[in-house]
Amino acid sequence: MTKRAFIKSYGCQMNVYDAQRMAGQLEAAGYAVTDDAEGADLVLLNTCHIREKAAEKVYSELGRWKDARGASGERTIVGVAGCVAQAEGAEIIARAPRVDFVVGPQAYHRLPSLIDGASRGEKPVDTDFPAEDKFDHLAKPTRRAIAARGVTAFLTVQEGCDKFCAFCVVPYTRGAEVSRPVDAVVDEARALVDAGVREITLLGQNVNAYHGADAGGAVGLAGLVRRLAAIEGLARIRYTTSHPNDMTVDLLDAHRDEEKLMPYLHLPVQAGADRILKAMNRKHTAADYLRLIEAIRAARPDMALSGDFIVGFPGETDADFEATLALVREVGYASAYSFKYSPRPGTPAAGSTDQVSEAVKSERLQRLQSLLSEQSAVFNRAQVGRTLPVLVEKAGRREGQRVGRSPYLQPVHIPESAGAVGEIVDVHVHASEGNSLFGDVPRRDAQPDRAARSAAA
Ligand code: 5AD
Ligand code: SF4
């Protein structure tokens, strides 16, 4: 009887991608990976350490596996992966003895031997940063596995971060910036496209610092985008997440003239007061950021902007917070994520004596979020009455509906008859509600060239 494995992922898109690669490892080790936690012989919690609650959730989730047995009748093996694994290592087993092994993000290619050790009762912990490239060893997703996932895919091109923002654990949990070679990325993209993927999102903690090797030397993200854009059948390219200081002129040029590169940019600024930006070690001012936004809009006037914000960073005054609101008003975001500052052990800001109270953080977060959600409603409403190319992704939640995405990453709900999964159709948007748009393709039979256009889109 084949043993079953269940992977639960928390946090960022890179974890989603890593989970897919780990699934490949587990399949190679003889497990069937399922979406059903019930009766799993192996459970892998793929954790996130970016904010407090994420890690706490993992510890409470572990309780659920206390007496778990797999369908085989044997005790379920429980592993902890991801950034909590990297940051806390053996501490996890000390705090949660139910855990059988711990594996950091740089050691996923050693999963099979860790599982072997765990099944012998050894409780292995592997959080080493190896010299070799983990991607060389991770199982490539099979064609069937890719096809099962649909028409959009993530592809990690860069991992780690050298920026050391004072609040952030990423440089410690994911290590120094490493870029994958251009050919490895292009090959993986080709395999995805061959299996039916039409849109690829390039992932990296600091993706626009990408500098992968090519026969001719290092290639930046703009160069990589151009190489990928040449792949026939690939219709859309996105990337996330970017640091303002790594937005190069050639990347702006790529946004100006590379049609496959979608007009949506996640460009976190975190705060609007120069004092706080300095304390955060962001190495740019609010004015620098606003000038950059202006240059981006000059290159791509319809660019939808997204960002991350932290409220209540140590020492943040009312005036500093007002500066964040002012910056948000000036930019006008299509979407954004905002968080209360959470002290992360081992990061410089965690030791500050100037912590902001929980009550003040909550109040600021609420004010910021209401401004940001107002802006995203304005952005969404502005699409009503327009015709947008929509990549149809999957069946909608309601019978007879499909859902796709606009170039600006908004979910667009359309009738089933408007287009097949994988097609790009010109949708007339007639309503916006929450984060979603609703539309239809008028007189579909009057668009005989639709397939040809979507292939060229
Ligand atoms: N507290 C709150 N938010 C944080 N982020 C990163 N570290 C912290 C922290 N210690 C946010 C930043 C980052 C996003 C991924 O998470 O806004 O851009
Ligand atoms: Fe963390 Fe992003 Fe700053 Fe890197 S650039 S330290 S990942 S917030």
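# Why these words fit this model

Modeller: V390 lies in strand β17, residues 387-395. Strands are DSSP runs of E with at least two residues, helices are runs of H or I with at least four, and both are numbered from the N terminus. This is a predicted model, in which local features need pLDDT of at least 70 and side-chain atom pairs count only at pLDDT 80 or more, while totals for chains, interfaces and linings use all residues. Residues are numbered from 1 along each chain as its sequence is written, chains are lettered from A and ligands numbered from 1 in the order in which they are written, and side-chain values use heavy atoms, with hydrogens and water left out.

Biologist: Why is V390 called buried?

Modeller: Buried means under 20% relative accessible area, exposed means over 50%, and partly exposed is in between, with a 1.4 Å probe and protein chains only. V390 has a relative accessible area of 1%, so V390 is buried.

Biologist: Which residues is V390 in contact with, apart from its neighbours within four places in sequence?

Modeller: Contact means heavy atoms within 4.5 Å. On that rule V390 touches R236, G404, R405, S406, V412, E423, I424, V425 and V427. For S406, the C-alpha atom is 4.8 Å from that of V390, although the two residues are 16 apart in sequence.

Biologist: Is H243 buried or exposed, and how do you know?

Modeller: The relative accessible area of H243 is 5%, so H243 is buried. H243 sits in the loop between β13 (236-240) and α11 (249-257). Beyond its neighbours within four places in sequence, H243 contacts K163, N206, N208, L267, R282 and H284. The loop between β13 and α11 also holds T241. T240 and T241 are joined by a cis peptide bond, with omega about 5°.

Biologist: What makes you say that the buried residues of α5 line one face of the helix?

Modeller: Helix α5 covers residues 111-119, and its buried residues are L111, L114, I115, G117 and A118. Seen down the axis of α5, these residues fall within an arc of 160°, so they line one face of the helix. The arc is that of the directions from the helix axis to the C-beta atoms.

Biologist: What covers the buried residues of α5?

Modeller: The cover includes the helix α1 (13-28) and the strands β2 (31-34), β3 (42-47), β4 (77-81), β5 (101-103) and β6 (125-126).

Biologist: Why does Q106 count as buried?

Modeller: At 10% relative accessibility, Q106 is under the cut-off for buried, so the word applies. Q106 is located in the loop between β5 and α5.

Biologist: How do you know that the protein chain agrees with the rule for a compact globule?

Modeller: The rule is 2.2 Å times the number of residues to the power 0.38, and the radius of gyration is taken over C-alpha atoms. For 457 residues a compact globule would have a radius near 23 Å; the protein chain has 23 Å, so the two agree. The C-alpha atoms fill a box of roughly 65 × 55 × 50 Å along the principal axes.

Biologist: What does the protein chain contain, and how much of it is buried?

Modeller: The protein chain has 16 helices and 21 strands. Buried residues are 54% of its 457 residues. Among contacts with a separation of 6 or more, 71% join residues 24 or more positions apart.
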